[in-house]
Amino acid sequence: MNTDIQHALQQLNTLILGKENVLQQLFTAVLAGGHVLLEDVPGVGKTTLAHGVAAVLGLDYRRVQFTNDMLPSDLLGINVYRPNEGRFEFHPGPVFHAFLLADEINRASPKLQSALLEAMEERQVSVDGQTYALPEPFIVMATQNPAEQLGTFPLPESQLDRFMMRLSMGYPAADAEKRLYAEGGGRRNLPALQAVCDAATLAQWQRQAAQVKFSPAAADYVYRLVQTTRQPGRFVLGLSPRAGLAVVAAAKARAFMLGRPHVLPEDVKAVWVPVANHRLQPVQQGLTSTQILADMLDHVAVA
């Protein structure tokens, strides 16, 4: 594994105990240039994790608490008229940060969600007919509570599709939770975190990850997995080619993170569920997309 990334993961393990797999998946998405949706109950450390990831990556960080009365200008920015100068001056909003935590994103109105959609997909925002570029790299980590739906606006499929991965931390393991109670919350370790890179270095890593070799055999494996989701009886709609490209990008990023110049089937398998689970709606009640996708890995041949 890249030694700097390994050091970053080791530091984050002091914040969020016993969630090494989630941390690796999160870093995979970041290296692939993707956005992440953290779907979990309150109080498991989602905000602390986001703050820690931004700190170890040396990125400009901003947290925005989404509410149903927020306006797009609250996120994007606003033009202020300067009467003495006879002109408008643009005041950038919080979206103009390299690492944006969109806390409880499903509490935002559809109008605000659509404003964030352009930022996530195009890495730019439009205000009063003027287009402004966002920082490079630009990463959105959004959170939502899967259980509490009162006063929320569920994300449409088009918005969900812009997230490369949906991850869930879940409750900590017994030993980790007992240690948490005995030693205190991991948030106290935030000031001690050391950046392992900066925005320029991360952008370079992302370019290197995109250049990892992806063989025709690996492409064929991804195609057969995606094609299986389109078979009748499993999901309302199967995965799109954009979802397949997200699987490819994530698999390349994982191989790069682990120090390999090419993708192995294990890389595709590792990213398959978190990349695809939020893009699919099962036909059969009682089964989740995660369960069906995990079962596919056991039945779709690698070659």
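Me: How many positive and negative side chains does the protein chain have, and how far apart do the centres of the two sets lie?

Reply: Lys and Arg count as positive and Asp and Glu as negative, while His and the chain ends are not counted. The place of a charge is taken as NZ of Lys, CZ of Arg, CG of Asp or CD of Glu. Here the protein chain carries 26 positive and 28 negative side chains, with the centres of the two sets 4 Å apart. The model is predicted: local features need pLDDT of at least 70, side-chain atom pairs count only at pLDDT 80 or more, and totals for chains, interfaces and linings use all residues. Residues are numbered from 1 along each chain as its sequence is written, and side-chain values use heavy atoms, with hydrogens and water left out.

Me: What does the secondary structure of the protein chain come to, and why is the chain described as being as compact as a globular protein of its length?

Reply: Helices (H or I, at least four residues) and strands (E, at least two) are DSSP runs, numbered from the N terminus. The chain has 12 helices and 9 strands. The radius of gyration is taken over C-alpha atoms, and the globule rule is 2.2 Å times the number of residues to the power 0.38. For 303 residues the rule gives 19 Å, and the chain's radius of gyration of 20 Å is close to that, so the chain is as compact as a globular protein of that length.

Me: Which residues of α3 are buried, and what do they pack against?

Reply: Buried means under 20% relative accessible area, exposed over 50%, and partly exposed in between (1.4 Å probe, protein chains only). Helix α3 (residues 46-56) has 8 of its 11 residues buried, so it is largely enclosed by the rest of the structure. The buried residues are Lys46, Thr48, Leu49, Ala50, Gly52, Val53, Ala54 and Val56. Their packing partners include α1 (3-12), α2 (20-31) and β1 (35-39). Just after α3, glycine 58 takes a positive phi of about 65°.

Me: Is leucine 116 buried or exposed, and which residues does it touch?

Reply: Leucine 116, in helix α5 (residues 110-122), is buried, with a relative accessible area of 0%. Contact means heavy atoms within 4.5 Å. Not counting residues up to four places away in sequence, leucine 116 touches Phe66, Leu75, Leu100, Ile105 and Gln159.

Me: Where does arginine 260 lie, and which residues does it touch?

Reply: Arginine 260 is in the loop between α10 (241-257) and α11 (265-276). Leaving out residues up to four places away in sequence, arginine 260 touches Val212, Arg254, Ala255 and Asp267.
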